[in-house]
Amino acid sequence: MLLDTASLYYRAYFGVPESVRAPDGTPVNAVRGLLDFIARLVRDHRPGDLVACMDNDWRPHWRVELIPSYKAHRVAEESGRGPDVVGASPAKPEEETPDTLSPQIPVIEEVLDAVGIARVGADGYEADDVIGTLVRRAGGPVDVVTGDRDLFQLVDDARGVRVLYPVKGMGDPVVVDEAALREKYGVASGAAYADLALLRGDPSDGLPGVAGVGEKTAARLLQSYGDLAGILAAVGDPASGLTPAQRRKLEAAREYLAVAPKVVRVAGDVALPEFDPALPSEPLHAQELEELAGRWGLGGSLRRLLDALAG
C-alpha cells in the first residue's frame, strides 16, 4: 500500500475540526485525522508493506521548464486559500497553505517515523514519482491511496495495481481499476488515462491541454487511434478520419504535446533511499512515540493506529 501522504493529510485537515488541539492549544486535526485514515486502511486492507510517499518537491523545476504554467497558480497568492486539489502538497513555503496546517507537517513526519511506518521522498520529485517508481518495482499487487486523479494512470489490472480514491473520509474509498476507468472516462487503461489527461488538460495542475478538446473528445480520439502517438500520426495522415477542426486543433498544439507526456506521466525510475516497507506490528521507537503522544495530545487516534497494527 502506497500513500500519497500530502493528499491524505490535506484531506484530513479539512475533514477534522480545527478544534482538535494539543494540550498547548496547537491544532492537530491533520495529524490525528491522518492517523485515523491509516488505521482504517490497515484494518480494512491488511497490507504487508505500507509506504508513506512524500513530496520533497511539489513543483519540480524540470517540469516547470517544460510547461511554465505547471502548478503556477498554487504558488502563494494573496487569496489566503490553499491548493485546490487534495493531491497538492503544502510542504513548501512558496505554496499557499492554511496557516494551521504547515506546523502540523513536521509532527506528522515525527509520528510516522516513531511508529515505524516507512516515509520516502526524493529530492527534485513529487510523491507521485515516488509512487510510480515503487509501483514499477513491485512484484505483487499494489494499492495506491490518493485523492489525486493524476495517479489513475498507474492502474493496471494485469499487475494488480489499483487506486483507492477517498470520496467522503476514508471509510469507503472508491476502488479504481480498469473497469472503473472505462465506465467513468471511456479509456481502457491507466496509460490511456494519462494521454486523456494531457489532451483534456487540467486547470488544477496548470496544464492547458489541447484547446477545444475536452474529456469526451479526448476519449473518442483515444478509442479511434489507440494512444497519443497514434493520434499524432493521424494528424499527418489525410486519410485518418480526423475532422478538419480536430486536425487544426491538434496541429496547433504540437509544441505542447511534445513536452506534455514527460510532465503528466509520473516518473518510474527515481533513485530512492534504502528503507524497510514492512508494516510494523509495534512502534519502532516506543518512548519517543509516547512523548510525542503526550506533547501533541494524539490520544485515541494513535491508539487506534497501534491497535490496527497489532491486530
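Reply: The crossing of α7 and α8 is right-handed, meaning the near helix is turned clockwise from the far one by less than a right angle. Keep in mind that this is a predicted model, where local features need pLDDT of at least 70, side-chain atom pairs count only at pLDDT 80 or more, and totals for chains, interfaces and linings use all residues. Residues are numbered from 1 along each chain as its sequence is written, and side-chain values use heavy atoms, with hydrogens and water left out.

Me: Which residues of α7 and α8 make the contact?

Reply: From α7 it's Ala-192, Asp-195, Leu-196, Leu-199 and Arg-200, and from α8 it's Glu-215, Ala-218, Ala-219 and Leu-222. Contact here means heavy atoms within 4.5 Å. The residues divide into six nonpolar, no polar and three charged.

Me: What's the angle between α7 and α8, and how far apart are their axes?

Reply: About 135 degrees, with the axes 9 Å apart, for α7 at residues 190–200 and α8 at 215–225. That's why α7 and α8 are oblique to each other; angles under 35 degrees count as roughly parallel, over 145 as roughly antiparallel, 65 to 115 as roughly perpendicular and the rest as oblique.

Me: OK, cores. How many residues has the largest nonpolar core?

Reply: 54, and Leu-199, Leu-250 and Leu-257 have the most contacts inside it. A nonpolar core is a set of buried Ala, Val, Leu, Ile, Met, Phe, Trp, Tyr and Cys residues joined through side-chain atoms within 4.5 Å, and buried means under 20% relative accessible area, exposed over 50%, partly exposed in between (1.4 Å probe, protein chains only). The largest share of this core, six residues, comes from α7.

Me: What is Leu-250 in contact with, leaving aside neighbours within four places in sequence?

Reply: Leu-199, Val-210, Leu-221, Ile-231, Val-235, Leu-242 and Leu-257. Apart from this core lies another one of 43 residues, including Leu-50 and Ile-105.

Me: Switching to backbone: what's phi of Arg-46, and where is Arg-46?

Reply: Phi of Arg-46 is near 45 degrees, a positive value in a residue other than glycine. Arg-46 sits in the loop between α2 (29–45) and β2 (51–53). Most residues other than glycine have a negative phi.

Me: And Lys-71, buried or exposed?

Reply: Buried, with a relative accessible area of 4%. Lys-71 also has a positive phi, about 55 degrees, and lies in the loop between α3 (61–66) and α4 (104–115). Arg-46, at 41% relative accessibility, counts as partly exposed.

How values were computed. Axes fitted to C-alpha atoms, helices over the stretch in contact; angles between N-to-C directions. Helix = DSSP H or I, 4+ residues; strand = E, 2+ residues; numbered from the N terminus. Nonpolar A, V, L, I, M, F, W, Y, C, P; charged D, E, K, R; others polar.
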